[in-house]
Number of protein chains: 2
Amino acid sequence: MLVCIRMERNFRDLLEAQWDAGKFLSVGLDSDFSKIPASARVEGVRETLVNFNVAIVNATRAVAGSYKLNSAFYEAHGELGWTALQETVEYIHGELPDMPVILDAKRADIGNTNDGYVQALFERLNADAVTVHPYLGGEALAPFLKNPEKGVFVLCRTSNPGAGEFQDLESGGKPLYMHVAERVRDGWNANKNCGLVVGATYPEEMKKIRAVADDMPFLIPGIGAQGGDLEKTVASGRDSRGKGFVIAASRAIIFASGGDDFAEVAGAKAAELSTAIQAAL
Amino acid sequence: MLVCIRMERNFRDLLEAQWDAGKFLSVGLDSDFSKIPASARVEGVRETLVNFNVAIVNATRAVAGSYKLNSAFYEAHGELGWTALQETVEYIHGELPDMPVILDAKRADIGNTNDGYVQALFERLNADAVTVHPYLGGEALAPFLKNPEKGVFVLCRTSNPGAGEFQDLESGGKPLYMHVAERVRDGWNANKNCGLVVGATYPEEMKKIRAVADDMPFLIPGIGAQGGDLEKTVASGRDSRGKGFVIAASRAIIFASGGDDFAEVAGAKAAELSTAIQAAL
């Protein structure tokens, strides 16, 4: 008998397994160096970032369904930050082989220039998924989209107060963000590896996007520090199976205490949010 | 008598001085490691990138009006690439104090998260200007826009074949890229530090954008390897003073030879293009 086993690590499969286990929370390791508590600090910027992240991962791993790292907080420290990012992802992969890691890098360049970013984010940092800007179109993003094993979350309706400046512009009776959702669904998602970034701060828009997005996963920032409503978000964001979304929270978890008990409090806050998501399902 | 001298380094002032000297060419240090000729290679990735860049800068400095570094080609090499980027910018600033350095990083996140990118690009790497995506709106980009000394080029009409997927969507009788141009002019440019990225591959669109963009500088990719027409580009892109634009070319200069004479050929190609731009003015 010939048994075939898929050996690749597939982002969507990892995500589905987390959802099956009731895990919808993405813990954001937006590790702003200036906010790292004294008790997590060691000699060196890189070492402090990694030390803090490891403590947060260990405190939240029981309830996290993924980890999301925003590259801005690491790039601020140049090559040391870059190395801290890489070591953190390596730690998560090593400790938690089934845990998806999302690099919130918000990249996008034209054509082959993206090869450099693909090499940086997917190969060198070994992220399972990234976030990208849609403005240049799907043709430009081909280097990101072509790998079926890696997830690509396209910015659709973002969580910031000024998101509507262009995203709400109506064209052909539909706002721009709906065009983005439909184009990603119809044109970009041939490898079934696309998702959409949809802010929790706009639940009505989220409902409209879910109505056209089929089963594409949503990456949802805006719960926690930004004030999005959890119940409305879950009701608006879930797919026909009651799954299909990842709720990202960072500051409200990792800097909830700011004191010596930062890891313990982060674990408690993450557990609380995970339980609240499950209750809202 | 009290004499007041402005000590800050201001991107727009640097650019104006280059234009006054007839220099409109931005040499793109998109230094794809795999294409660096054998004669520029030394031990180490970082050292090779810097060695190649220094040779190109020295060969083109007489005609370059700015240098543009696309971060993707450096990030592909992780912390080594980051250090190479930093050392290259330091070299240019040290050798050519009046030369503007543009970091083509195509960043944009929400609100304070951009502080990390501002720190990375403006402070750590000490770039004079960056490129950003418009999709999140001007409110999100405040950390980039608030420094009057640093330039911010907003992607408007990009040079890639699929640029029109969203950029051409009509809203209120105008395509999205015209909304971007007008919003940047009216809302984002309070510190007179904004510019627009407009591809040479779309001269008709460029003409429409120039008609509403007042004296905002254009950063124009697409001449050279991408096939944009130089005369049409200059005619469409120049402002009312016959200035106001930067034509960026990379591959067609830095990899024109690919052999031992790469620097000599790069110098000749840059001089040729600079002369052609002046002839088209």
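**Conventions.** I number residues from 1 along each chain as its sequence is written, and chains are lettered from A and ligands numbered from 1 in the order in which they are written. Since the model is predicted, local features need pLDDT of at least 70 and side-chain atom pairs count only at pLDDT 80 or more, while totals for chains, interfaces and linings use all residues.

**Entry 1: chain A overall.** I looked up the secondary structure of chain A and found 12 helices and 10 strands. Helices (H or I, at least four residues) and strands (E, at least two) are DSSP runs, numbered from the N terminus. The C-alpha trace of chain A spans about 55 × 50 × 40 Å along its principal axes.

I then checked burial: 58% of the 281 residues of chain A count as buried. A residue is buried if 20 or more other C-beta atoms lie within 10 Å of its own, exposed if 12 or fewer, and partly exposed in between, with C-beta atoms placed from the backbone. Of the contacts in chain A between residues at least 6 apart in sequence, 73% join residues at least 24 apart. Two residues are in contact if their C-beta atoms, placed from the backbone, lie within 7 Å.

**Entry 2: strand E10(A).** I found five of the five residues of strand E10 (residues 245-249) of chain A buried. In a regular strand the side chains alternate between the two faces of the sheet. Phe245(A), Ile247(A) and Ala249(A) are buried on one side of E10(A), and Val246(A) and Ala248(A) on the other.

I looked up the pairing next; two strands pair if DSSP finds at least two bridges between them. Strand E1 (residues 25-28) of chain A runs parallel to E10(A) over three bridges, and Ser26(A) has Ala248(A) as its bridge partner. Strand E9 (residues 218-220) of chain A is also parallel to E10(A), with three bridges; here Phe218(A) is partnered by Phe245(A). E9(A), helix H10 (residues 230-237) of chain A and E10(A) form a right-handed β-α-β unit. Right-handed means that, with the strands pointing away from the viewer, the path from the first strand over the helix to the second runs clockwise.

**Entry 3: helix H5(A).** Eight of the 11 residues of helix H5 (residues 114-124) of chain A are buried, so the helix is largely enclosed by the rest of the structure. Among the buried ones I noted Tyr117(A), Leu121(A) and Phe122(A). Their cover includes strand E3 (101-107), strand E4 (129-132) and helix H6 (142-145) of chain A, together with H3 and H4 of chain B. After H5(A) comes Asn126(A), with a positive phi near 60°.

**Entry 4: the two chains.** The contact takes 48 residues from chain B and 48 residues from chain A. On the side of chain B that touches chain A, H5(B) gives the most, with six residues. I also found that 100% of the interface residues of chain B are interface residues in chain A, so the copies meet through the same surface.

A rotation of 180° with 0.0 Å of shift along its axis superposes chain B on chain A (RMSD 0.0 Å). The two copies are thus related as by a two-fold rotation axis. The superposition is by least squares on the C-alpha atoms of residues with pLDDT of at least 70 in both copies.
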